[in-house]
Amino acid sequence: DPELYLDFALYAIIFSIIGARLYYVIFDWELYKDNPIEIFNLRGGGLAIYGGIIGAVLTLIVFTKVRKVSFFSMADTGCIGLITGQIIGRWGNFFNCEAFGGYTDSLLAMRLKMSLVNPSMISQELLDHRIVENGVEYIQVHATFLYESMWNLGVLIFMLWFRKRKKFDGEMLLIYLLGYGLGRSWIEGLRTDQLIFFGTGIPVSQALSMLLVLISGTVLVYKHKQLKKAKKGDVG
């Protein structure tokens, strides 16, 4: 029922934005602790996709309980739209000159005018390799927005192919978490704007991606083993 998803979206959009902002603020608290009012300045940047996903999932849990519908059935449908949005949304990072990686001289290297980039995102390595042409300073970086957009496109294509072959409700959600998590695990390691887990030096989103890959992969294997056992039992 399309109306069901529209009703959910009205809540999910609001709480996803709140979740995306809270995730960013929590793990970059040093930036806001002396001026908390800046937390509400969304135009200043600072939204994290994982926070948005967490917000959407929590909203869906409550929504499906109230409406008495299947959480996993709705999640299976919704995650296809979610990753489509991520494919498109990463190009916003390109236009904003943000969420790029460290220095590279590879085939996919991208140059950005330093004057267009937030100084907090420019690492010492990028400064050491900056390029000056006609008096204009550039940094040369990994186009991580492109890496993730293309990776997500591959995940989406697989999900569209697989969705009519799914064996149980929740399988598409698990495939999304596994597929996206695998890509984000290595792409996050290239970025210069990582959110770090409270002084540990560990990128939060990279650690979360690895955890989601482990959990979703384990559950997928377990569920398929259970289905095989059940099928053998029926045959017997």
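Guide: The model is predicted. In it, C79, I80, I83, T84, Q86, I87, R90, W91, N93 and F94 of α3 meet F145, L146, E148, S149, N152, L153, V155, L156, M159 and L160 of α5. By residue class, this contact of α3 with α5 divides into 13 nonpolar, five polar and two charged.

Visitor: Why are α3 and α5 called roughly antiparallel?

Guide: Helix α3 (residues 71–95) and helix α5 (residues 144–162) pack at an angle of about 165°. Angles over 145 degrees count as roughly antiparallel. The pair is therefore roughly antiparallel.

Visitor: What is the distance between the axes of α3 and α5, and which hand does the crossing have?

Guide: The axes are 9 Å apart. The crossing of α3 past α5 is left-handed.

Visitor: How do you know whether L173 is buried or exposed?

Guide: L173 has a relative accessible area of 15%. Buried means under 20%. L173 is therefore buried.

Visitor: Where is L173, and which residues does L173 touch?

Guide: L173 is in helix α6 (residues 171–188). Leaving out residues up to four places away in sequence, L173 touches F71, F72, A75, D76 and C79. C79 is also one of the α3 residues that meet α5.

Visitor: What share of the protein chain is buried?

Guide: Buried residues make up 40% of the 236 residues. The chain has seven helices and three strands, in the order α-α-α-β-α-β-β-α-α-α.

Terms used
Residues are numbered from 1 along each chain as its sequence is written. This is a predicted model: local features need pLDDT of at least 70, side-chain atom pairs count only at pLDDT 80 or more; totals for chains, interfaces and linings use all residues. Side-chain values use heavy atoms; hydrogens and water are left out. Helices (H or I, at least four residues) and strands (E, at least two) are DSSP runs, numbered from the N terminus. Buried means under 20% relative accessible area, exposed over 50%, partly exposed in between (1.4 Å probe, protein chains only). Contact means heavy atoms within 4.5 Å. Axes are lines fitted to C-alpha atoms, for helices over the stretch in contact, and angles run from 0 to 180 degrees between N-to-C directions. Angles under 35 degrees count as roughly parallel, over 145 as roughly antiparallel, 65 to 115 as roughly perpendicular and the rest as oblique. A crossing is left-handed if the near helix is turned anticlockwise from the far one by less than a right angle, and right-handed if clockwise. Ala, Val, Leu, Ile, Met, Phe, Trp, Tyr, Cys and Pro count as nonpolar, Asp, Glu, Lys and Arg as charged, and the others, Gly among them, as polar.
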